[in-house]
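Me: I would like to learn how to read a structure file feature by feature. Could we go through one together?

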Amino acid sequence: MMEKLLLVGAGGFGRVVMEHAIEQQYDVAFVDDGYDIGTEVCGVKVLGHIEDLERLFYDYKKLVVSIGNNKIREKIYQEAKKIGFSFPNIICKSVYISPFAKVGKGCVFLNNVCIQNGANVGNGVLLNPGVEIHHDGRVDDYALIYSNSVVRTMAYVGKRVKIGSTCTISNEKIIEPDRVIEDGVTE
């Protein structure tokens, strides 16, 4: 029997996460305030809204937040934690994670992400295709990094940081919490 998983967020990113969750053998349902309950999104039902999480916990014990807004994602994870949900990681088959790296809970790592030896990725982090976290780099909780960006050796990306596509965070660079790094920038 497949494990049940709630995905919070049925938008574009949520639909991508849904595909990979199903591939990992989860029985998936959505929670999204923007859809009527009972609506199907890509064949997956919307079972409720954020306010329904406590009710849905009776049937679904696992949850992943697939919303790109870092502060909202953090808030939903904190509420879900109080209810008792657990947070699996959704990790594509093409991802490489060193056995000597640390990864938190409730993360989503899409195609061809590479997390090297000694790297540390926090809880609720979203890494889009082609992201690299080099050895001893650190990405704190609820960060979002878009496609083909690199966090170099011993760099630190703070909580809720948003990094655009094709960015480089240089060796030992510190990116303070809540910063937004635009596409193509080298820091």
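This is a predicted model: local features need pLDDT of at least 70, side-chain atom pairs count only at pLDDT 80 or more; totals for chains, interfaces and linings use all residues.

Me: Which way do β1 and β2 run relative to each other, parallel or antiparallel?

Reply: Strand β1 (residues 3-8) pairs with β2 in the parallel sense, over 6 bridges.

Me: How many bridges join β3 to β4?

Reply: Strand β3 (residues 40-41) is joined to β4 by 2 bridges, and this pair runs antiparallel. V41 stands opposite V44 in β4. The two strands form a hairpin with 2 residues between them, and in the turn C42 has a positive phi of about 55 degrees.

Me: What is the order of the open sheet with parallel pairing?

Reply: That sheet has 5 strands, ordered β7-β10-β13-β16-β19. At its edges are β7 (96-97) and β19 (168-169); each has a single partner strand, so one side of each is left without a neighbour in the sheet. Within the sheet, strand β10 (residues 114-115) and strand β13 (residues 132-133) run parallel and are joined by 2 bridges. The bridge partner of I115 in β13 is I133.

Me: What does L6 touch, leaving out residues up to four places away in sequence?

Reply: Under that exclusion, L6 touches A29, V31, L47, L53, L56, Y60, K62, L63, V64 and F85.

Me: Next, charges. Where is D141 found, and is D141 buried or exposed?

Reply: D141 is found in the loop between β14 (138-139) and β15 (144-145). D141 is buried yet has no salt bridge. The nearest side chain of opposite charge is K159, 4.1 Å away, whereas the cut-off for a salt bridge is within 4 Å. The side chain of D141 does reach the backbone nitrogen of N123, at 2.7 Å. Not counting residues up to four places away in sequence, D141 touches G122, N123, V125, K159 and R160.

Me: How many salt bridges are there by the 4 Å rule?

Reply: Side chains of opposite charge can pair when their charged atoms come close. By that rule the count comes to 8 salt bridges. One of them joins the side chains of D140 and R138 at 3.6 Å, N to O. D140 counts as buried because its relative accessibility is 11%, and R138 counts as partly exposed at 38%.

Me: Which residues form salt bridges with E187?

Reply: K173 and E187 meet through their side chains at 3.8 Å, N to O. K173 lies in the loop between β19 and β20 (174-175) and E187 in the segment after β21 (180-181), so the pair ties together parts that are 14 residues apart in sequence. E187 also forms a salt bridge with R179, with the closest N and O atoms 3.0 Å apart. E187 is partly exposed, with a relative accessible area of 22%. K173 counts as partly exposed at 30% relative accessibility, and R179 counts as partly exposed at 30%.

Me: Which residues are linked with R160 in a network of salt bridges?

Reply: The network links E74, R160 and D178. R160 is also one of the residues that D141 touches.

Note on methods: Residues are numbered from 1 along each chain as its sequence is written. Side-chain values use heavy atoms; hydrogens and water are left out. Contact means heavy atoms within 4.5 Å. Two strands pair if DSSP finds at least two bridges between them. Helices (H or I, at least four residues) and strands (E, at least two) are DSSP runs, numbered from the N terminus. Buried means under 20% relative accessible area, exposed over 50%, partly exposed in between (1.4 Å probe, protein chains only). Lys and Arg count as positive and Asp and Glu as negative; His and the chain ends are not counted. A polar contact is a pair of N or O atoms within 3.5 Å; within protein, one must be able to donate a hydrogen and the other to accept it, and residues adjacent in sequence count only if both atoms are side-chain atoms.
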